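Q: I would like to learn how to read a few features of a protein model. Where do we begin?

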Amino acid sequence: MSLNNSKNKKKPALVIMSRELCAYFTSPVAYIVTGLFLIFSGFIFFSTFFLAKRAELRNFFGMLPTLLSFFVPALTMRLFSEEKRSGSLETLMTLPVTDFDVAAGKFMAAFAASVAMLVPTLSYVLTAYMFGTPDAGPIIGGYIGAIFLCAAFSAIGIFASCITKNQIIAFFVAFAICILLSLIGAFLVILPAPLVNFLSFFSANTHFTSIARGIIDSRDLIYFVSLTALFVSLTVKVSAGSRK
């Protein structure tokens with residue numbers, strides 16, 4: 001009986017994820033951030049649709065890394081910082097949970113919230129198909145790339161939130177890292193060829209654009225998985241160090 005009960009118990013990371021998601025969607029933060037994201041992304045899509053008279057999502061996906069660089073940190077900035085400021089993180093750490101459980105739970109919550117922010121943009125796809133015949137490959141690839149981008153930026157966001165008690169500082173640290181990874185590709189054209197090959201690997205926009213073309217390359221997937229794993233690991237390390 002006890003074995004069955006232990007199987008039925010939720011893992012700590014899932015409990016933390018559920019708690020964070022409840023906190024997100026019972027407060028106005030998630031709705032304000034999502035609303036602003038849809039306003040900006042909608043302007044990009046519909047300016048192409050009405051002004052350029054093209055039923056496509058190329059400009060939307062082209063600006064998506066920059067938009068997510070701003071809005072994902074806005075979702076993640078409170079995850080550790082608020083609990084550090086209020087002292088509730090110390091209480092959480094006294095429970096039978098590991099540093100990895102806490103980091104994984106908060107990461108999964110941030111990732112789920114950021115992906116949920118993308119769901120309403122599927123209306124752009126329906127609009128494009130109602131008035132045109134866009135290629136499905138780049139659209140599917142664009143959303144697959146967006147999911148990986150959300151994962152990487154969520155990991156960066158929780159790391160930034162973990163290193164400070166101030167939400168504003170957490171936001172700007174995460175934003176700085178995300179926007180640097182997003183825009184580094186724009187400066188490659190003015191750099192010597194040897195540096196271009198080296199720095200292009202670190203460009204989130206370069207890897208995202210490759211996936212958004214409808215070409216799934218294992219190197220692009222490895223980049224996003226590695227970036228996500230790196231910052232989740234750093235979060236666990238910082239969290240463990242704060243216990244000492």
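A: Begin with the helix: helices (H or I, at least four residues) and strands (E, at least two) are DSSP runs, numbered from the N terminus. Here His207 lies in helix H12. This is a predicted model, in which local features need pLDDT of at least 70, side-chain atom pairs count only at pLDDT 80 or more, and totals for chains, interfaces and linings use all residues. Residues are numbered from 1 along each chain as its sequence is written, and side-chain values use heavy atoms, with hydrogens and water left out.

Q: Is His207 buried or exposed?

A: Buried means under 20% relative accessible area, exposed over 50%, and partly exposed in between (1.4 Å probe, protein chains only). His207 has 7% relative accessibility, so His207 counts as buried.

Q: Which residues is His207 in contact with, leaving aside its neighbours within four places in sequence?

A: Contact means heavy atoms within 4.5 Å. With those neighbours left aside, His207 is in contact with Ser200, Phe201, Arg219, Asp220, Tyr223 and Phe224.

Q: How many residues of H7 are buried?

A: In H7, 14 of the 20 residues are buried, which makes the helix mostly covered.

Q: What does helix H7 reach from its first C-alpha to its last?

A: The expected span of a helix is 1.5 Å times one less than its number of residues. Helix H7 (residues 99-118) reaches 29 Å, close to the 28 Å expected.
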